[in-house]
Structures are given as structure tokens and as C-alpha cells.
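Have the sequence and the 3D view open side by side as you read.

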Amino acid sequence: QVQLVESGGGLVQTGGSLRLSCTASGSISVINAMGWYRQAPGEHRELVAVITRGGSTIYGDSVKGRFTISRDNAKNTVSLQMNSLKPEDTSVYYCNLDAVVVTKRADSWGKGTLVTVSS
């Protein structure tokens with residue numbers, strides 16, 4: 001009932017920038033929050049950034065000051081501007097949606113987009 005389409009991953013050199021976007025569609029009644037998580041091979045999935053319906057933002061400690069999350073409520077889209085990228089940012093990035101779908105609260109995930117930062 002919910003689809004999340006991610007775009008913007010790729011290969012970049014250390015110090016470079018990338019912008020990820022995720023658009024949500026489907027039977028969404030209310031979006032509580034949208035965000036990005038990442039998971040490297042052999043690692044747990046970790047928070048990158050989340051933005052709430054009211055515009056509050058939360059960032060993982062490792063990306064504070066380098067990444068910026070933003071949201072277009074009219075388009076149900078969340079974007080992540082990633083600057084000063086480091087090799088340790090290499091990971092699969094997943095879009096997350098916390099929303100009321102029809103009448104029930106649901107937590108949805110995108111398929112992931114790979115970000116590779118070369119040293």
C-alpha cells in the first residue's frame with residue numbers, strides 16, 4: 001500500500017557530495033516522519049537523519065554538520081544532502097517512512113540505494 005522510490009546514490013570521491021531523494025506514494029493518510037538509515041556490510045542499520053511532520057530534525061552523530069535532511073510535504077519527498085563525504089559513509093542508504101496508512105500506523109522501507117565513497 002506504500003511505495004518508496006529512492007534515487008541519487010552512486011560513486012563519489014572523498015570530500016565530494018551527493019544528494020539522495022525518496023518519494024512516498026500510496027494510501028498515506030498522515031506522514032509522521034521520513035528519514036534515512038544506512039547499513040554497511042556486517043553492520044547494524046543505523047540512523048542517518050530523520051525529519052518529522054513538524055520539521056524537527058535528528059541526525060546521527062557521525063553525520064552532524066555534513067548532512068542535511070529536508071522535506072517537501074506537498075510531494076511526499078525527503079532529500080538528504082551529503083557533503084564532505086568520507087569512505088566510512090560508504091553504505092546502502094534506506095529511506096524510511098513513519099505514516100498512517102489508511103487507518104493504521106505503519107513503518108515502511110525503501111529498497112536502498114548504494115553510496116560508495118572512494119579514498
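G15 has a relative accessibility of 49%, so G15 counts as partly exposed. Keep in mind as you look around that this is a predicted model. You will find G15 in the loop that joins β2 (10–13) to β3 (18–26).

Which residues does G15 touch, once its neighbours within four places in sequence are set aside? The contacts are S84 and L85.

S84, one of the contacts of G15, sits in the loop between β8 (77–82) and β9 (91–101). Its backbone deserves a look: S84 is not a glycine, yet its phi is positive, at about 50°. As a rule, most residues other than glycine have a negative phi. V102 also has a positive phi, about 60°, without being a glycine. To locate V102, go to the loop between β9 and β10 (104–109).

Are S84 and V102 buried, partly exposed or exposed? S84 counts as partly exposed because its relative accessibility is 41%. V102 has a relative accessibility of 43%, and therefore V102 counts as partly exposed.

| Residue | Phi | Relative accessibility |
|---|---|---|
| S84 | about 50° | 41% |
| V102 | about 60° | 43% |

Technical notes: Residues numbered from 1 in each chain as written. Predicted model: local features only at pLDDT ≥ 70, side-chain atom pairs only at ≥ 80, totals over all residues. Heavy atoms only, no water. Helix = DSSP H or I, 4+ residues; strand = E, 2+ residues; numbered from the N terminus. Buried < 20%, exposed > 50% of the residue type's maximum accessible area, 1.4 Å probe, protein only. Contact = heavy atoms within 4.5 Å.
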